[in-house]
Amino acid sequence: MGLRKISNLKVAVIGAGVAGLATGLLLRQLGCDVTIFEKDKPSKKEGAGIQITSNGQFVLEKLSLGEAVIRGGLMPDKLCLFDEDDLKSIGSLEILNRLKHRYGRSFIALHRSHLIKVLLEKVKAEKIKINFGLEALPLFAEDEQYVSISCNGEKVKKDLIVVADGVSSKWKKIIFNESKERSISQSAYRFVLSKKNLPSVFLKNNVNLFFGRGRHFVTYPTGLDGKINFVFCKREKGYVANGWREKVTKKQFLDDFELDENLEACFSNVKTVYKWPIIESGIPSSVQKKNVVLVGDAALGMLPYMAQGANKALEDSWVLANCIREYPLDLEKALKKYSKKRVKRLQKLDKVSRLNEKIYHLERKMFRWIFFLYLRLIIAFLPSLFFKRLDWIYNYKG
Ligand SMILES: Cc1cc2nc3c(=O)[nH]c(=O)nc-3n(C[C@H](O)[C@H](O)[C@H](O)COP(=O)(O)OP(=O)(O)OC[C@H]3O[C@@H](n4cnc5c(N)ncnc54)[C@H](O)[C@@H]3O)c2cc1C
């Protein structure tokens, strides 16, 4: 990993999710020779809603993709908070203008497939090599200087391997000896519904957050397709889903959530429910080893209660590219700097997501009452305080 000009740098990116595609593009902008490996075939409509906050949009703008992403999404007007017990409103905050004013951008709710499509089109336009249907695995020995790739029975060597293989990263397990699972496990059920027959509360261009006991659910429109995204999250001791395509029956979902009758009636149109993985990995002490770096969920799978999954992935790609730009002749130094910067940030993000889990899922009546009172007071008298504590997240520029 010595003196090597960026323009000669041969890079493999493992995984064509948000992290992999964004990193591939940013490293290509630096002049690197990038090849992306994706184990699945391209798919048009996978996943559901995803949220891009100002810190993520900043990176998309650097890729000249800000407008294209906004075109496929919606910027919600308000954040509306409810007590799930009686579906009573706690209060609502205008966010569209407030966020624009505070961070220069509001946040975008969109279907994940639109974000992937926009990134993928740019990857193709930039003529970055992308191999679909090819699983790439590590060839790793502790005593060897470089890690290589095993792909289709062949050994592939690269100067830099960017691992973006998601929350169940095999690379992380093998190279970084990751085996720790955290004690809290959660499950999330999600479905996307057309607006027909839904109560008006779900139809507005708002993000709705319902706080239940030991659980919560969120709804928002996914963009121009006129659909509404529902995600139900709860603490769980049993089986946690392990992939993004795992279907469960509507009955399984309803039995598990024991929804109030009125709410259950809203979901008569639900046909397919997906159970999602909420896998928390241990907080890494480093996201770099030899010529390998981790980005996105591979670096840290954390609770999604700050809606930072895709944004954290975009941040990773931006910081990695910047570190390489800063040390164009010293890859080792660049990767070490990347690791140091990101581990610090990941630890902070992880902490705040875990805190949100505790707050969102309060079970005792008294604590819930105090929390709701606190929200009511903040919304009525100090709405800017609500966002002030989030400035370090949304203002991040690497
Ligand atoms: C199919 C799918 C649907 C999703 N839907 C949503 C959603 O609707 N809402 C939401 O908030 N989040 C969703 N997520 C998760 C979200 O995309 C991530 O939390 C976030 O964007 C960070 O992305 P990532 O690129 O790190 O990981 P991911 O988006 O998980 O991407 C990882 C990619 O790596 C590929 N891969 C894994 N192992 C290998 C290997 N050995 N070789 C080659 N390729 C490999 C996977 O097939 C995948 O495409 C989804 C993820 C996936 C994979």
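The model described here is predicted.

**Nonpolar cores**
- The largest nonpolar core holds 114 residues, and the members that touch the most others are L27, I149 and I324.
- Beyond its neighbours within four places in sequence, I324 is in contact with I6, L9, L27, L30, L160, L331 and A334.
- Another core, of 22 residues, lies apart from the largest one; C80, F232, C266 and F267 are among its residues.

**Helix α8**
- Three residues of helix α8 (residues 250-257) are buried, namely F253, L254 and F257.
- These residues lie on the same side of α8 because they cover an arc of only 95° around the axis.
- The elements that cover the buried residues of α8 include the strands β12 (186-194), β14 (215-221), β15 (227-235) and β17 (273-278), together with helix α9 (261-266).
- Just after α8, E258 takes a positive phi of about 40°.

**Nonpolar surface patch**
- A nonpolar patch on the surface is formed by M366, F367, W369, I370, L373, L377, F381, L382 and L385, which together have about 950 Å² of accessible area.
- Helix α12 (residues 365-381) gives the most to this patch, contributing seven residues.
- L385, also in the patch, lies in helix α13 (residues 383-388).
- L385 counts as partly exposed because its relative accessibility is 39%, a value that falls between the cut-offs of 20% for buried and 50% for exposed.

How values were computed:
Residues numbered from 1 in each chain as written. Predicted model: local features only at pLDDT ≥ 70, side-chain atom pairs only at ≥ 80, totals over all residues. Heavy atoms only, no water. Core = buried A, V, L, I, M, F, W, Y, C linked by side-chain atoms within 4.5 Å. Buried < 20%, exposed > 50% of the residue type's maximum accessible area, 1.4 Å probe, protein only. Contact = heavy atoms within 4.5 Å. Patch = residues over 30% accessible without salt bridge, like charges linked within 9 Å, V, L, I, M, F, W, Y side chains within 5 Å. Areas by Shrake-Rupley, 256 points an atom, 1.4 Å probe, with all protein chains shown as cover. Salt bridge = Lys/Arg side-chain N within 4 Å of Asp/Glu carboxyl O. Helix = DSSP H or I, 4+ residues; strand = E, 2+ residues; numbered from the N terminus. Arc of directions from axis to C-beta.
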